[in-house]
Amino acid sequence: MKQCIKVWTEDSVAKPHVIVAGAATWSIKIHNGSNEALSQYKMNITSIAPLLEKLAKTSDVYWVLQDPVYEDLLSENRKMITNEKIDAYNEAAVSILNSSTRNSKSSVKMFSVSKLIAQETIMESLDGLHLPESSRETSAMILMNVYCNKILKPVDGSCCQPRPPLTLIQKLAACFFTLSIIGYLIFYIIHRNAHRKNKPCTDLESGEEKKNIINTPVSPLEILLQSFCKLGLIMAYFYMCDRANLFMKENKFYTHSTFFIPIIYILVLGVFYNENTKETKVLNREQTDEWKGWMQLVILIYHISGASTFLPVYMHIRVLVAAYLFQTGYGHFSYFWIKGDFGIHRVCQVLFRLNFLVVVLCIVMDRPYQFYYFVPLVTVWFMVIYVTLALWPQIIQKKANGNCFWHFGLLLKLAFLLLCICFLAYSQGAFEKIFSLWPLSKCFELKGNVYEWWFRWRLDRYVVFHGMLFAFIYLALQKRQVLSEGKGEPLFSNKISNFLLFISVVSFLTYSIWASSCKNKAECNELHPSVSVVQILAFILIRNIPGYARSVYSSFFAWFGKISLELFICQYHIWLAADTRGILVLIPGNPMLNIIVSTFIFVCVAHEISQITNDLAQIIIPKDNSSLLKRLACIAAFFCGLLILSSIQDKSRH
């Protein structure tokens, strides 16, 4: 062995990439387990250590610890090979090889995992000495992971990958958050000292306390520093969970029970916490929050259980994602139609609330914008709705009430929008040319192309239009007082209500039967954009036609609905892991406790980020137009700087 390794250390000889070496069992057998043999073994390891150390500078060198034996099965000529002797030889190898490389940059790695595997499988050995084939396969697989994962960097790899180096943008972000934390601490200390000086004093005559301080409103600077301080700590947790390799990850394994039992559990909780709604209109605020809430919880369970492998569940989850986009079309159309507010403040508020967290995560986690696909999707559709309604002629409810001609004009706008959607859906080349233009390509490219973005957009291409059309029809019927939206009243007359309820239930079940009978994901995805609206409309009618159903809502689901966007985004890194491919393990060895702890932290973080986003939106997006334009100029400069730094990073990587 020494001679072989000595040849490899010579400069003129081609060196192996990986060397796996080990020795001890034959030494024990040949010398009948004598102490002199152990002393000779130590001398031999000592002489070979410098050569291994030299070789480790150019190759990966692993010293395999000897596996334990099953002494009861050993033949007579192997009885001297005891676990006690093996442990002594292993200890000698570890102490000598570790001491020889302690002060060196290179090191000989101890491959001890085979010993751990052997402790579990040696009972299956045929002769008590040699391990079964499965054990050797596992050791070989781990060795290949150690060597290959750091080169291939597989997206679902959870072991043996080195921590990615910090980019320039990440370093600048870390400096910014560090300064924010220091700034807030200084601000807090100064404010506390000022408060101590002005604390109440006792009046000597009356013996009563006098308050010398008047409660002043919190300054925008304090809110800003506090928000960025909290956000910095939260982002540090994100980074530790999914970039620093500090916590373990585990793979997902789908079973029906891991998906359906939690669904039943949250359904019971949701039904238990119910309250009366403030208003009884169709899709009132409490009801839409409830709808978002239970859908988000189902989607979270779908992701953590790995249920995407079960096609019927996958198709129903696709409907839930479509329902979110339906609400986007319905909600934004209703706002612009009723309020007629096409001002820049409204647009900036919506864009900020949708994108703030994702932009921060793109910077901190070094991920492209399109990686968080749902946010680009709702952002683009919001801009489509805004442009459709804001372009001349601007048609709003107040104007349309005076002349039915304006209703026809709006329908023409919607028809033109549908025509554009159909053109882009069936013209992949035109779609890719538009979104491959710089700087749009920086936002919508993933792995060097925009195919993923085209696939995501195309999958739910009609549902936002359906939401806009539903909002238009509903608001027109409401204005003409066709609907009965009083408390406890059915939406229509009893006959019509019963008929529509029957049709809705049949439609809902028909879609579920079709989705459950799906055999091919690609074919089902092709039909999904056209038929998903059936189940969405069926649910809306079932939920809103009965007056008693419209008058109550689940406060449990509604609470989650208010932070549904943050829950959807945060799950990528602090609930799931390895960019959603695995599950984060904070507490190894106890899956139930781990999921309880990680879920509690995950929900608290999502709620806190929602509060931070709302606080920052009030400061960064002021109502005053002149101030807003100045802020927008600063934001534009920030993104220009970000694009330049990103281009520099891309060039350095290539």
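This is a predicted model: local features need pLDDT of at least 70, side-chain atom pairs count only at pLDDT 80 or more; totals for chains, interfaces and linings use all residues.

Visitor: At what angle do α10 and α23 pack?

Guide: Their angle is about 80°, and their axes are 6 Å apart, so α10 and α23 are roughly perpendicular to each other.

Visitor: Which residues of α10 and α23 meet there?

Guide: On the α10 side they include Glu286, Asp289 and Trp294, and on the α23 side they include Phe556, Phe557 and Lys562.

Visitor: Switching to α9, which of its residues are buried?

Guide: Phe259, Ile263, Ile266 and Gly270 are buried in α9, and because they cover an arc of only 75° around the axis, they lie on the same side of that helix. On the other side of α9, the exposed residues are Ile261, Ile264, Tyr265, Val268, Val271 and Phe272.

Visitor: And what do the buried ones pack against?

Guide: The buried residues of α9 pack against α10, α11, β8 and α23.

Visitor: New topic: which residues touch the most other members of the largest nonpolar core?

Guide: Met235 and Phe238 do, in a core of 138 residues, to which helix α11, residues 311–339, gives the most, with 17 residues.

Visitor: What is methionine 235 in contact with, beyond its neighbours within four places in sequence?

Guide: Leaving those neighbours aside, methionine 235 is in contact with Phe177, Leu357, Val360, Leu361 and Val364.

Conventions
Residues are numbered from 1 along each chain as its sequence is written. Side-chain values use heavy atoms; hydrogens and water are left out. A nonpolar core is a set of buried Ala, Val, Leu, Ile, Met, Phe, Trp, Tyr and Cys residues joined through side-chain atoms within 4.5 Å. Buried means under 20% relative accessible area, exposed over 50%, partly exposed in between (1.4 Å probe, protein chains only). Helices (H or I, at least four residues) and strands (E, at least two) are DSSP runs, numbered from the N terminus. Contact means heavy atoms within 4.5 Å. The arc is that of the directions from the helix axis to the C-beta atoms. Axes are lines fitted to C-alpha atoms, for helices over the stretch in contact, and angles run from 0 to 180 degrees between N-to-C directions. Angles under 35 degrees count as roughly parallel, over 145 as roughly antiparallel, 65 to 115 as roughly perpendicular and the rest as oblique.
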